[in-house]
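Hi everyone, thanks for making time for this.

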Amino acid sequence: MPAAQNLPDNIDELLAIVQTSNDEQSRKALFATLRTIPSLMLASPTADEQDPLDLLDPADNTLAYAYILVARCYGDRLEVSRMLHYILKFLNSFDPEEARHAPEKLAQVAQALSRIATSVGKSLITVKPLEIAITRFAPSPKHLTNIHQMFIKECLLSKCYKAALPILDNDITEIDVHEMGIHYTDHLLYHYYGGMIYIGLKKFERALDFFKLVISAPANLSSMIQIEAYKKFVLVSLLLHGKIATLPKYTAQAVFRSVKNFCQSYTDFANAFEGLKVKRVRSEFLKCCDAFKKDKNFGLAKQTLDALYRRNIQQLTQTYLTLSLVDIADAVGLEGPDAAKQAEKYVLKMIESKEIFATISHTHQNGMVSFHDNPDKFDAQETIAQLEQQIVNAASVNERVIRTDRMIGCSKEYLSRNQHPSASGVGSGLGTVDDTELLSGFDSLADEGRYFA
Amino acid sequence: MEETQGNKNRKIETVVETPNNLDLESYIANYKGKTVDRLLFIGKRCPSLQIDAYKLALAELHRNSLDHNKYLTTAANLNEILSSQGKPLYQLDSRWVDTAQKRAKANLERLEGELKTYKNNLIKESIRMGHNDLGDHHYECGNLTGALKCYSRTRDYCAQTNHIIDMCLNVIKVSIELGNYSHVHSYVIKAETTPDLPNAVQAKLKVAAALANLDSNKYKIAARNFLETSFELGNNYSEVVAPNDVAVYGGLCALASFDRTELKSKVIDNNEFKQFLELEPHIRELIHGFYNSKYSVVLDIMEKWKNDYLLDMHLHNHVQTLYDNIRKKALVQYFSPFLTVDMNKMARSFSTTVPALEKELAKLITTGHIQARIDSHNKILCAKQQDQRSNIFIKSLRMGNEYESNTNAMLLRMNLLKSNLVVTRESRIPEDKVGGGLSASARVI
């Protein structure tokens, strides 16, 4: 078709081209053409007043559909319900292969969807379509797409934390900039929002992992997202471990520097927290209160105070077999006339959540708590199943590592670098399947950013 | 840095009550040379011995030194105390001060002149001697840094091994007085590498090394050094330590840091050290009491001698830590053979109350020194049965999780680097994204 050379003058001509380009070559030409057409023309109806979107099938003509859709969504007149209909139709049936030729259009469609949803005040309606779009668009669940972070953000806004899990629970390891149209902020935001979702669901371990990914992302400078993530990272690690968790050693120096400048109150608070002395933590908390409120981390910070008592009680289980409630209140730093009552409340809550194993007896005057060992002897069927599942997981991770290693081993850059016989074997895991060697090999490779540049 | 550390430690003023066993004159008779510092130290810390200590110090200065500055300040201090107590003032010997001043100056000029001529003549041995004499003079006048400088200058002119040893010993002596223990360390090592060390010198070096280790709180190494000191040390090194001190320091450090078998093999069966212990029988009793688990005896002796040790120049900073460690070890050792222990009985043998003991034990358990748990209801201490199998399960499940997430993070990182998705200045963050993120955060929590 000669259409690519002479641009269509109106939407009717464009539709004609779209409908007739069936082979590989003409499609390529069409994609190039679409890029040059002004959006005003794309947004116009046909000569006989028909909607071009009705005439096209999103499954067959994904890109053309997307271009027209985007042009319409950002046009002046917006018919909300009609556009919603088209967007949903598109997201449900677009052809992922074709969409990868212009991933930014998909992102724009998704953005249009969330704009419309915000304008009518219902973020909720975006959640499911975006999830479908992600699963259709990503080549595998391990791939990051440019709509991941939008999806998670919508889940946050609409408070559908659980709805995000099917996507979040897959660890992202694959990045394809060209086909998925990813910017570094996509990766940072996705994991930052993801961490927040996990906080909302009280899955703090996962949240911590996600924040770690954000903070330790390769960086020459530090992004504000990383700094915000660090703040939450500090509070979550206090909740979980009572001290700031260690960051991977490949974390960029720039991040450490700006963390020092921007997160002083958080590190101060963490230092106070590590001592597990209630009084000091409280006074430090009051000092840092404004910073927490400003960063909108106040609720999370308050949870750490609660966790302080829990942590202290947890420690008592290591030291005591029996202890009266009064003594517990005293030991963990609860004060006031009803300290013993409060202590009892904490102990009860912790027993319920299986953080500790204990019984409270009120035959004794003050209420005596006996701490027990973990009754789980790890001899149940479930434990074995859990263990096996983890072995399978580890094996699959291992396999991916080996595959990546081979790929690097075959890559041109690697081979040209290791041409000299003296350099052979440096950082190479080819042929060796020993875990530690493989990993250390990777470590050194991953640290050398230049190698991939 | 060492030095400032030392100075800082010394600033902590503690007032020590009258010690039980200290007789100032016989104590000071154990030492030769610079006993003044010891006396001043005691004077500063112990009000009840203040006047005597200062007087002895003044007498000593008057008799054996040219350090007129110290004489004057000490006298001023003494007079202040005397006047506050309404006692007659000490009479300054101003004539001595004058002559001391003059003599010091004359000596200094003479020695410096001599050194100059030696240097012109380029005779190594004479230059060394010249520096040495000058160092001795500075030392006598109380100018320790000057002395140190002169002694270290002899270093370039040492021709024979005994010169090197002399130089090292001089530097070590001055450095100890200055509290500069890092110097002591390096010179001890230097001296020890010279061949054919006489036993007496070796003993001196051991003691010096031990003091340096004691100063940096390395009690175990210090204890070993003290225990390896040969008895030939005798009174040869009494300008630094008396043999009695070796027994005390060594004994306390060993108790605080050795385990039972080491205590037996290195202390009780150590014939050399036994001779030191003869000088301080209470330390011998202390060690045997500890080894034979008679803890009330141990604690008694320790309490009785505590004030004495607080007045010791080298030991005072470490008394509390050493005592705490010994007590801790005693508690651990007391419990070790039992499954359950009645805390009432335990409190009695450690002469303390049950609540205090409970606190102490709780601390030991949290720090991991005792594997046990307290039954606070029945006041019983029970040994903890470790369930190794469960631990392994917990550990391996955790390791599996860690491995998975770490490896995934690594793969992601590799791919990010490969695609060059690095945070840089060129690609600015779109404003709307971050803004939206932060407002969202408000809603999560």
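Let me start with a question: how many bridges join strand E2 of chain A to E3(A), and do they run parallel or antiparallel? Four bridges join E2 (residues 358-361) to E3(A), and the two strands run antiparallel. One pair to look for is A:Ala358, which stands opposite A:Phe371 in E3(A).

Before I go on, some housekeeping. This is a predicted model, so local features need a pLDDT of at least 70 and side-chain atom pairs count only at pLDDT 80 or more, while totals for chains, interfaces and linings use all residues. Residues are numbered from 1 along each chain as its sequence is written, and chains are lettered from A, ligands numbered from 1, in the order in which they are written.

Helices (H or I, at least four residues) and strands (E, at least two) are DSSP runs, numbered from the N terminus. Two strands pair if DSSP finds at least two bridges between them.

Back to the strands. E3 of chain A covers residues 368-371, and E1(A) pairs with E3(A) in the antiparallel sense over three bridges. There, A:Leu323 stands opposite A:Val369. E1(A), residues 320-324, also pairs with a strand of the other chain: E2 (residues 372-375) of chain B, in the parallel sense, over two bridges. Here A:Tyr320 has B:Ile374 as its bridge partner.

That brings us to the interface. In total, 68 residues of chain A are in contact with 50 residues of chain B, where contact means C-beta atoms, placed from the backbone, within 7 Å. Helix H22 (residues 381-410) gives the most to chain A's side, with ten residues. That side divides into 35 nonpolar, 22 polar and eleven charged residues. For the classes, Ala, Val, Leu, Ile, Met, Phe, Trp, Tyr, Cys and Pro are nonpolar, Asp, Glu, Lys and Arg are charged, and the others, Gly among them, are polar.

How confident is the predictor? The complex gets an ipTM of 0.80 and a pTM of 0.68. Chain B averages a pLDDT of 81, and 90% of its residues score at least 70; pLDDT is the predictor's confidence in each residue, from 0 to 100. Over residues 1-12 of chain B the pLDDT is below 50, and beyond near neighbours in sequence this stretch has nine contacts in the model. The pLDDT is also below 50 over residues 427-445 of chain B, a stretch with 33 such contacts.

Staying with chain B, please find helices H17 (residues 295-310) and H18 (residues 319-335). They pack at an angle of about 175°, with their axes 11 Å apart. Axes are lines fitted to C-alpha atoms, for helices over the stretch in contact, and angles run from 0 to 180 degrees between N-to-C directions. So H17(B) is roughly antiparallel to H18(B), the word for angles over 145 degrees. Among the residues making this contact are B:Met302 of H17(B) and B:Ile326 of H18(B). The contact residues divide into ten nonpolar, no polar and one charged.

Last, a backbone detail. A:Lys202 has a positive phi, near 60°, and is not a glycine. A:Lys202 sits in the loop between helices H13 (184-200) and H14 (204-215) of chain A. Is A:Lys202 buried or exposed? A:Lys202 is exposed, with 10 other C-beta atoms within 10 Å; the cut-offs are 12 or fewer for exposed, 20 or more for buried, and partly exposed in between.

Technical notes
Two residues are in contact if their C-beta atoms, placed from the backbone, lie within 7 Å. Angles under 35 degrees count as roughly parallel, over 145 as roughly antiparallel, 65 to 115 as roughly perpendicular and the rest as oblique.
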